[in-house]
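Please look over the structure shown below, together with its sequence, before reading on.

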Amino acid sequence: MSVIAPAMIIFAYLCGSISSAILVCRLAHLPNPRQNGSGNPGATNVLRIGGKVSAAIVLVCDVLKGMVPVWLAYYLGLSPIWLGLIAIAACLGHIYPIFFRFQGGKGVATAFGAIAPIGWDLTGLMAGTWFLTVLLSGYSSLGAIISALIAPFYVWWFKPQFTLPVSLLSCLILLRHHDNIQRLWRGQENRLWKRQPRNKP
């Protein structure tokens, strides 16, 4: 167990470091998401610069990056605290990918995938919270912020043993959205359906 847990943390980080947005954009001959739109290599920015199909592929891949390592660790019998560290490692890989000069995305979809193995009821609530927030406000970032704030309470209600690791994961997502919070406060944040101009191929 002492060897498996650290190995799973490394595996999770490497999975997270595979930037789906950059790879999908390259394969689809789309602009580099780090140099166009919001500059964030994530599904939301790919939606703006490349359309729904490319964004959907990126979203699924980003979710799987968090889900697969945590699910595997769960079936290997690792404790909740190790599962939390593995989830955080996957998100850190997405945010600071070793394969892409440590310039990654916000980690929302990867965090969602990491939380999903806790239970489908929790997954549905998280997805519903994000969708409802975005539907009412039009801001994808606000959906992520609200979901991160409320996630520990959802987890505490369903499976309290995972509250601490999910809380740490939520703090990471909120810290990563620091700039978005400032732009929302100033009324300068772009809405989800606003297409961004293309800058560089």
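How many salt bridges does the count come to? The count comes to 2 salt bridges, a salt bridge being a side-chain nitrogen of Lys or Arg within 4 Å of a carboxyl oxygen of Asp or Glu. This is a predicted model, in which local features need pLDDT of at least 70 and side-chain atom pairs count only at pLDDT 80 or more, while totals for chains, interfaces and linings use all residues. Residues are numbered from 1 along each chain as its sequence is written, and side-chain values use heavy atoms, with hydrogens and water left out.

**Salt bridges**

- Asp 62 forms a salt bridge with Lys 65, with 3.4 Å between the closest N and O atoms, and both residues lie in helix α4, 3 residues apart, which is about one turn of the helix. (Helices are DSSP runs of H or I with at least four residues, and they are numbered from the N terminus.)
- Both Asp 62 and Lys 65 are buried, where buried means under 20% relative accessible area, exposed means over 50% and partly exposed lies in between, for a 1.4 Å probe and protein chains only.
- Glu 189 and Arg 183 meet through their side chains in a salt bridge of 2.7 Å, N to O; Glu 189 is buried at a relative accessible area of 10%, whereas Arg 183 is partly exposed at 31%.

**The largest pocket**

- The volume of the largest pocket is about 1100 Å³. On a 1 Å grid over the protein atoms alone, a pocket is an open set of points with protein on both sides within 12 Å along at least five of seven lines, whereas a cavity is a set of points where a 1.4 Å probe fits but cannot get out.
- Grid points are joined across faces, edges and corners, and a volume is the space filled by probe spheres set on the points; lining residues have an atom within 4 Å of a point.
- The lining of this pocket consists of 49 residues, and Thr 44, Val 108, Trp 130, Ser 140 and Ala 144 are those nearest its centre.
- Among the helices that each supply at least two residues of this lining are α3 (43–50), α7 (120–137) and α8 (140–158).
- By class, the pocket lining holds 21 nonpolar, 19 polar and 9 charged residues, where Ala, Val, Leu, Ile, Met, Phe, Trp, Tyr, Cys and Pro count as nonpolar, Asp, Glu, Lys and Arg as charged, and the others, Gly among them, as polar.

**The cavity**

- A search of the whole structure finds 1 cavity of 30 Å³ or more, and about 140 Å³ of space lies in the largest cavity.
- Two or more residues of the largest cavity's lining come from each of α4, α5 (80–95), α6 and α9.
- The cavity is lined by 13 residues, with Val 70, Leu 83, Ala 114, Ile 118 and Phe 162 nearest its centre, and the lining divides into 12 nonpolar, 1 polar and no charged residues.

**Rings**

- The charged end of Arg 176 sits over the ring of Tyr 96, 5.9 Å from the ring centre, the rule being that NZ of Lys or CZ of Arg is within 6 Å of the ring centre and within 35 degrees of the ring normal.

**Gly 16**

- Gly 16 has its place in helix α1 (residues 4–16) and counts as buried at 1% relative accessibility.
- Between Gly 16 and Val 134 there are 118 residues in sequence and 25 Å in space, C-alpha to C-alpha.
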